[in-house]
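Work through the exercises below with the model open. Try each task before you read its solution.

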Amino acid sequence: MAYFQFLTKALAWLAAAFFVAAGFMLTYEVVARYFFSAPTIWAAELSQLALIWGSLLAMAWLLGARRHIAVDALVSLLSPEQRRFTETFAMLCIAAFSALVTWKGWDIFFDSFERGRTTGSMLDLPTWVTELAVPAGFALLFLQALLEAWRALTGERDADAPHGGFE
């Protein structure tokens with residue numbers, strides 16, 4: 001369990017680096033295009049790739065750190081046992097959805113990989129490079145949701161516990 005938490009935190013830091021890199025790439029593109037009339041063929045597509053991978057790789061850590069948006073107006077009115085049940089049920093729903101997206105996402109990725117599809121842009125990257133982010137990110141989210149369901153079920157994580165940080 002500690003290894004998985006280490007992995008999700010490391011991937012969250014990698015995701016943060018992807019976001020910073022996307023910011024630099026887009027800034028470079030703006031400067032090159034508008035000040036030097038020399039647009040790039042790579043900045044927009046690579047920054048989009050970085051944003052997709054960053055968003056999907058960070059999902060598992062975000063769930064474990066309780067950084068996803070949660071509407072808890074009604075849940076806060078429940079007893080601790082009822083909150084534990086609703087937390088477990090919610091995590092199992094996330095796990096089921098994540099399993100479905102992982103399965104279908106893998107099919108899409110593998111089909112593109114086998115057929116050799118490309119983006120059709122000037123950079124012409126293989127589409128599977130982007131599509132692989134979906135099954136990878138949702139597989140991690142699936143595992144994290146199962147872990148969170150177990151924590152909620154066993155009472156290891158109190159439903160009222162403070163949100164985690166990047167510490």
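**Exercise 1.** Which side chain of opposite charge is nearest to Glu45, and how many Å away is it?

Solution. The model is predicted.
- Step 1: locate the residue. Glu45 sits in helix α2, which spans residues 43–64.
- Step 2: check its cover. Glu45 is buried; the cut-off for that is under 20% relative accessible area.
- Step 3: find the partner. Arg33 is the nearest side chain of opposite charge, 12 Å away.
- Step 4: apply the salt-bridge limit, within 4 Å. Glu45 has no salt bridge.

**Exercise 2.** Leaving aside neighbours within four places in sequence, which residues does Glu45 contact?

Solution. With those neighbours set aside, list the contacts of Glu45: Thr119, Ser121, Leu123, Asp124 and Leu125.

**Exercise 3.** Describe the surroundings of Arg33.

Solution. 
- Step 1: classify Arg33. Its relative accessible area is 38%, so Arg33 is partly exposed.
- Step 2: leave out neighbours within four places in sequence. Arg33 then contacts Ala38 and Pro39.
- Step 3: Arg33 and Leu132 are 99 residues apart in sequence, and their C-alpha atoms lie 31 Å apart.

**Exercise 4.** Which residues form a nonpolar patch on the surface?

Solution. 
- Step 1: name the members. They are Val30, Val31, Tyr34, Phe35 and Phe36.
- Step 2: give the area. Together these residues have about 600 Å² accessible.
- Step 3: Val31 belongs to helix α1, residues 2–36. Val31 counts as partly exposed because its relative accessible area is 33%. Patch members need over 30%.

How values were computed: Residues are numbered from 1 along each chain as its sequence is written. This is a predicted model: local features need pLDDT of at least 70, side-chain atom pairs count only at pLDDT 80 or more; totals for chains, interfaces and linings use all residues. Side-chain values use heavy atoms; hydrogens and water are left out. Patches are made of residues with over 30% relative accessible area and no salt bridge: like charges are joined within 9 Å, nonpolar side chains (Val, Leu, Ile, Met, Phe, Trp, Tyr) within 5 Å. Accessible areas come from the Shrake-Rupley method with a 1.4 Å probe; for residues, only the protein chains shown count as cover. Helices (H or I, at least four residues) and strands (E, at least two) are DSSP runs, numbered from the N terminus. Buried means under 20% relative accessible area, exposed over 50%, partly exposed in between (1.4 Å probe, protein chains only). Contact means heavy atoms within 4.5 Å. Lys and Arg count as positive and Asp and Glu as negative; His and the chain ends are not counted.
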